[in-house]
Amino acid sequence: MKSILIVDDEESIRRTLSQALQDEGFGVQTAASGQDGIEAIRAARPDVVLLDIWMPGMDGLEALKQIRAEWADQAVIIMSGHGNIETAVKATKLGAFDFVEKPLSLEKILLLIQNASNIQDLARENQALRKQIQRDRKLIGQSEAMKQIQDLIRRVAPTTGSVLITGENGTGKELIAHHIHALSSRFNKPFVEVNCAAIPEELIESELFGHEKGSFTGATQLRRGKFDLAHCGTLFLDEIGDMSLKTQAKILRILQEQKFERVGGSTTIAVDVRVVAATNKDLKTEIQKGNFREDLFYRLNVIPFQVQPLRERKEDIPLVVNHFLKEFCGIHGRMPRPVTDEAMQLLVDYPWPGNVRELRNLMERLVILTSEAQEGTPIQAADLLSHLESDAMGWVPTQQQNGVSSTSLAGIGSKNLKDARTEFEKEFILKTLKENDWNVSKTAAALGLERSHLHRKIKSYGIETT
């Protein structure tokens, strides 16, 4: 049942309106003054407030200001006499949802209440979704580098300065941009993302600035661009290092003037947009090469963020691993799987060329590929090795990580990396086959491979299983 608070100094209006709304199934409270209305809201928040303008003592406008100060999301409908339309319009500018003229029309009041309630429900749903997003978009880590990032976000978010986030692919640059927006005063305004590397050069201007109908072949209607859509919010320009010099010049102008024209248009559009940019390139090197504008770099680089790769903050890896395992076990309905110390050490020592994104993908893959027999069992080092690139950034598992004897490793010491990897894989498959009494199905499950895939490897290495 929706609750309504009627605030009006005329007892007859309170009584008549209260009865009519109760007959429509609403729960109704009444208050005879602005101050009494404020107290009623403090006692029990209503879904909608019907507030009269002219009242002795605290009038409707003053009451509205106080309601807005204490409960920014409270839906308020102003009730106004014939001569007070100008005042009612002023009230809507102060944050009232709408106004209705006296003598009151029950039909119109019911429509306004319904509309206000719907918007209120959407606002609450949006707030709940925003909280859920914040839970899902956690910045995981307790390393000094991650603590510095988190502290910088808290200090930077409330400002309006442009932000430039640099770091390797998969380090979480987009996640940082989301957190900056969520902790800013723009949190309830749009967060608009643009992947500058994914949009063809001939379409990037239309994508960013929009276009007028008929401005080029295929432009059959007016289209708003990303800057327009991000008005009063945040625009995230990902991979800005891949943007052409021509488009860079237009971005620079918008950042300087907060104005632009659509493609094919002559009307200047003013916008209020905070820009957060990100790139995996060294923009100072790109400037020297003539690929990036120096003036745009300094315009964007008001507040720089340098995100460390995962391999340089190894103490965060166990936290990230456990976070993703818990998340994906929940999503896919699997029993939680702990990670053995040996397997975790393997994950910590791996260089993660794809950073957090690669680790996230691996944890989801392990959860999805968990067989019935593996449900709830610990993840072993053997479960991981077939999924990790043994030659990634020069990495080869150590004997402590893989359990292979020092004798077997000694034989590959003088070979190149490719040969060493091949020899190691053959030795590891042989070892796992022996541990599983040469049962190919069990060995495939232990290695995390499809049975047919393991058969091909056994054949290619000339391993005899019988």
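## A charged network

Glu212, Arg224, Asp228 and Arg262 are linked in a network of salt bridges. Keep in mind that this is a predicted model. Two of the links can be spelled out. Glu212 pairs with Arg262 through a salt bridge with an N to O distance of 3.6 Å. Here Glu212 sits in the loop between β8 (210–211) and β9, while Arg262 sits in the loop between β11 (259–260) and β12 (269–270), so this contact ties together parts that are 50 residues apart in sequence. The other link is Arg224 with Asp228, where the closest N and O atoms are 3.4 Å apart.

## Another salt bridge

Which residue does Arg223 meet in a salt bridge? The partner is Glu207, with 3.1 Å from N to O. Arg223 belongs to strand β9 (residues 223–224) and Glu207 to helix α8 (residues 201–209), so the pair holds together parts 16 residues apart in sequence. Glu207 is buried at 16% relative accessibility, whereas Arg223 is partly exposed at 37%.

As background, side chains of opposite charge can pair when their charged atoms come close. For the whole model, the count comes to 26 salt bridges.

## The buried strand β3

Now for the sheet. Strand β3 (residues 48–52) is largely enclosed by the rest of the structure, because 5 of its 5 residues are buried. In a regular strand, side chains alternate between the two faces of the sheet. In β3 both faces are covered: Val48, Leu50 and Asp52 are buried on one side, and Val49 and Leu51 are buried on the other.

What does β3 pair with? Strand β1 (residues 3–7) runs parallel to β3 and is joined to it by 4 bridges; in this pairing Leu5 stands opposite Val49 of β3. Strand β4 (residues 75–80) also pairs with β3 in the parallel sense, over 5 bridges, and there Asp52 stands opposite Met79 of β4. To get from β3 to β4 the chain passes through helix α3 (residues 60–70), and this β-α-β crossover is right-handed.

## The largest pocket

If you're looking for open space, the largest pocket has a volume of about 630 Å³. It is lined by 25 residues, and the closest to its centre are Gly172, Leu175, Phe324, Val356 and Arg360.

Which helices each supply at least two residues of the lining? They are α7 (173–182), α13 (317–332) and α15 (355–368). By residue class, the lining of the largest pocket divides into 11 charged, 9 nonpolar and 5 polar.

## Backbone details to check

A few backbone spots deserve a look. The peptide bond from Lys102 to Pro103 is cis, with omega near 0 degrees. Pro103 is placed in the loop between β5 (98–101) and α5 (106–136).

Then there are two positive phi values. Glu239 is not a glycine, yet it has a positive phi of about 55 degrees. It lies in the loop between β10 (234–238) and α10 (245–257). Asp437 is not a glycine either, and its phi is positive at about 55 degrees; this residue is in the loop between α19 (417–435) and α20 (440–447).

Where do the two stand, buried or exposed? Glu239 is buried, at 12% relative accessibility. Asp437 is exposed, with a relative accessible area of 67%.

Notes: Residues numbered from 1 in each chain as written. Predicted model: local features only at pLDDT ≥ 70, side-chain atom pairs only at ≥ 80, totals over all residues. Heavy atoms only, no water. Salt bridge = Lys/Arg side-chain N within 4 Å of Asp/Glu carboxyl O. Buried < 20%, exposed > 50% of the residue type's maximum accessible area, 1.4 Å probe, protein only. 1 Å grid on protein atoms, 1.4 Å probe; cavity = no way out; pocket = protein on both sides within 12 Å on 5 of 7 lines; lining within 4 Å. Points joined across faces, edges and corners; volume = space filled by probe spheres on them. Nonpolar A, V, L, I, M, F, W, Y, C, P; charged D, E, K, R; others polar. Pairing = 2+ DSSP bridges. Right-handed = clockwise from strand over helix to strand, strands pointing away.
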